[in-house]
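Here are my notes on the model, point by point. Please keep the structure open while reading.

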Amino acid sequence: MSTQDLLFGEGDASEHSPHAPVSIHDLTVAYHRKPVLWDVDLDIPEGKLVGIIGPNGAGKSTLIKACLDLVPRASGEVRFFGKTYRKQRSLVGYVPQRESVDWDFPVSARDVVAMGLYGKIGWCRPVGRKHRELAGQALDHVGIGHLADRQISQLSGGQQQRVFLARALAQNAQIYFMDEPFAAVDAATERAIVGLLKELKEKGRTVLVVHHDLATVSQYFDWVILLNMRVVDCGPTEKVFTAENLKKTYGGKLTLLAEAGNALQQG
Amino acid sequence: MDTVWRVLFLLDYNTRLVVLSTVILGVASGLIGSFLLLRKRSLMGDALSHACLPGIGLAFIFMVMAGASGKSLPGLLVGASITGLAGVGFVLLIRNLSRVKDDAAMGIVLSVFFGLGVAVLGMVQTIPDASAAGLETFIYGKTASMVFNDFLLLAGVAFLVLVASAILMKEFTLLCFDEGFARSLGWPVHRLDMIMLALVSAVTVVGLQAVGLILIIAFLIIPAAAARFWTDDLRNMLIVAAAIGGVSGWLGASTSALLPGLPAGAIIVLVAAAIFLFSLLFGRARGVVRRLSAQVRLRRKVGRQHLLRAVYEILERNQNKDPGVLSNEPVSFDEVLRLRTWTPVRLRRLIQSANREDHIDRFDGVNLRLSESGFGEAARTTRNHRLWEMFLITHADIAPSHVDRDADSVEHVLSPDMVRELERKLDLRNIPLSPHGLGHVGVGAVDRGTGI
């Protein structure tokens with residue numbers, strides 16, 4: 001039972017909806033025993049563009065990583081269409097933060113995009129010509145097909161971001177997790193990403209995007225998760241993205257949670 | 001001279017084995033060292049090799065206690081790999097259980113295990129009836145002691161590394177480039193890391209005898225680091241690193257065979273270092289010389305373009321016509337000099353440089369006339385400069401008086417794509433008028449107001 005249930009006596013939230021692409025129940029994540037996400041309960045409806053909004057250190061990236069089993073969960077579980085991530089991996093695509101890798105690495109844009117196909121190629125098998133062609137098509141899709149054979153350090157920041165998006169496209173997933181794809185990109189790339197998101201939505205895909213720029217939230221997303229170490233609110237953008245909620249998310253009312261976290265770490 | 005020839009080209013039976021073994025070792029360590037380098041774990045190899053020493057001593061003790069000869073090489077190497085891997089295990093353990101960072105954990109393990117090894121070897125010397133002399137050759141390496149079985153062992157390990165790198169190429173690549181993505185695909189990242197480290201330790205252990213545990217790390221890192229200067233492609237990097245490793249081993253072992261006072265390990269490292277230095281300077285992909293010459297070329301181009309634009313702006317002012325319909329006439333040297341902050345010497349040099357590009361029709365010391373191609377280039381440069389200025393004013397909210405300097409640096413690097421984007425944004429095709437009025441940079445330009 002989560003603290004939210006204890007405090008507010010809300011009904012039984014333990015049922016995972018088998019139809020929700022992503023269903024998070026009672027998720028708590030801690031680094032070195034210090035909780036950074038408390039009791040997250042969420043059901044994401046299918047075919048939505050979902051913005052994950054919150055201040056620095058709110059646990060936005062951590063939420064994504066916990067969903068993908070990249071960080072250990074202190075408690076709780078995450079289901080994809082009713083099943084665990086382990087079983088549904090092939091349905092999920094992931095775009096990590098651009099800064100998370102070394103762009104000096106000796107590979108071309110095409111090589112990186114082909115990595116999105118590794119799950120399908122299988123172990124110990126080489127990347128074939130067909131895969132390289134598919135990678136080229138994914139790069140065409142994000143508008144930088146002509147740069148396919150450039151080494152990745154010779155691309156601009158926006159182009160590098162598009163390489164990551166192309167890699168996720170190559171995964172051909174139902175559900176996408178994107179960690180700050182709009183961070184420090186040029187206007188052309190921003191337009192390209194927005195176009196891509198709309199296209200994925202039209203195909204019925206569900207996309208969760210960690211986002212920083214509050215000014216564009218209502219323009220880009222039809223569903224938002226307001227996060228600050230816990231879920232402040234979650235729902236359709238026009239209902240949830242309100243001044244009051246933003247104040248709750250960004251205001252300094254959460255020191256209690258932060259202090260409790262520190263106490264747990266030292267205890 | 002004859003001996004040199006015979007040793008270098010493996011005609012001499014005594015040294016053929018040693019040289020060949022070292023070449024194979026170099027190829028294998030160049031290969032697996034490349035992955036180690038890209039995984040940013042180079043120093044892990046160092047911790048591993050130092051941690052081998054206590055294993056050698058302990059294995060000797062066990063074998064003597066079991067009544068066997070203490071010097072059986074396979075036995076010693078098994079001992080070495082056990083403590084070597086234990087050392088790596090301790091590094092990972094310290095890192096995961098505490099908040100001690102990688103480098104500190106490796107420093108601790110490396111020195112403690114080496115110290116332990118020295119102590120154990122000291123103890124071994126005191127065992128009666130057991131000749132422990134020669135164990136310390138593992139510290140610095142001694143190629144001359146190698147026999148045919150050692151060669152077979154080395155060849156086997158090298159073959160293993162080659163096959164594993166080929167089969168797991170794509171897995172290792174993703175592991176090194178983007179561990180998080182690999183884990184999101186459900187890959188057993190830890191197991192892959194273990195496989196990689198096991199291959200590194202295999203190369204290290206069989207290399208102990210030839211190169212010694214202190215210098216083997218050089219064999220793992222230097223060829224890989226040198227190869228990176230030659231190529232931007234991982235497959236080529238592996239090939240180049242293996243080649244550099246092989247050549248270092250070949251030259252190093254041959255030299256050592258010819259000059260018996262010199263241990264092979266040291267010579268190999270020095271040869272590898274020489275190749276590294278050469279690569280750093282002259283590497284085709286990212287060598288220093290290449291980068292510098294690219295900078296110099298850009299600086300020259302920038303200077304030339306400034307000259308052309310200055311001439312074009314003078315023509316504009318003198319003819320007082322629309323920028324698109326100017327005719328190419330001579331301008332005076334002094335006028336150009338006044339437009340920018342060049343010294344006469346610098347301006348003459350710029351004119352010479354432009355002349356080499358066929359941008360100048362004639363220059364008699366007083367007057368200067370652009371060639372056909374120079375005039376075209378001048379119009380293009382001027383146009384790019386102004387497009388950028390106008391973009392800065394209209395789209396980036398920068399004061400008109402400040403844009404000239406910014407545009408000065410950007411105009412030379414505008415790609416055709418960017419120019420098209422600017423044209424689209426500004427809805428312009430021809431050469432626009434200068435947004436800050438024509439004339440001297442900075443002064444004067446300000447109060448003439450803007451044309452927007």
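1. Terms for the strands. Two strands pair if DSSP finds at least two bridges between them. Helices (H or I, at least four residues) and strands (E, at least two) are DSSP runs, numbered from the N terminus. On that basis, β1(A) pairs with strand β4 (residues 75–79) of chain A in the antiparallel sense, over four bridges. A:S23 has A:R79 in β4(A) as its bridge partner.

2. Ground rules. This is a predicted model, in which local features need pLDDT of at least 70, side-chain atom pairs count only at pLDDT 80 or more, and totals for chains, interfaces and linings use all residues. Residues are numbered from 1 along each chain as its sequence is written, while chains are lettered from A and ligands numbered from 1 in the order in which they are written.

3. The hairpin. Strand β1 (residues 22–31) of chain A also runs antiparallel to strand β2 (residues 34–44) of chain A, with seven bridges joining them. Two residues separate the strands of this hairpin. A:H32 sits in the turn and has a positive phi of about 50°. A:Y31 is bridged to A:K34 in β2(A).

4. The six-stranded sheet. Chain A has an open sheet in the order β5-β6-β7-β3-β8-β9, with mixed pairing. Which strands stand at the edges? They are β5 (92–95) and β9 (231–236) of chain A; each has a single partner strand, so one side of each is left without a neighbour in the sheet. From one strand to the next, the twist averages 15°. Angles run from 0 to 180 degrees between N-to-C directions, and axes are lines fitted to C-alpha atoms, for helices over the stretch in contact.

5. Strand β8 (residues 223–227) of chain A pairs with β9(A) over five bridges, in the antiparallel sense. There, A:L227 stands opposite A:V231. Helix α11 (residues 243–250) of chain A packs on the sheet and touches β3 (49–53), β8 and β9 of chain A. The direction of α11(A) makes about 145° with that of β9(A). Contact here means that the C-beta atoms of two residues, placed from the backbone, lie within 7 Å.

6. Helix α7 (residues 157–171) of chain A lies across β5 and β6 (175–179) of chain A. Helix α7(A) runs at about 175° to β5(A).

7. The interface. Chain A brings 19 residues to the contact and chain B brings 21. The side of chain A that touches chain B has 14 nonpolar, three polar and two charged residues. Ala, Val, Leu, Ile, Met, Phe, Trp, Tyr, Cys and Pro count as nonpolar, Asp, Glu, Lys and Arg as charged, and the others, Gly among them, as polar. The model scores ipTM 0.89 and pTM 0.83.

8. Chain B layout. The domain assignment, automatic or from a database, gives domain 1 (2–285) and domain 2 (292–426) of chain B. Their C-alpha centres lie 57 Å apart.

9. Where to be careful. Mean pLDDT (the predictor's confidence in each residue, from 0 to 100) is 88 for chain A and 85 for chain B. In chain A, helix α1 (residues 3–8) has the lowest confidence, at a mean of 43, and strand β7 (residues 206–210) the highest, at 97. Values stay under 50 over residues 1–14 of chain A and over residues 439–452 of chain B. Where pLDDT is low, the predicted coordinates should not be read in detail.
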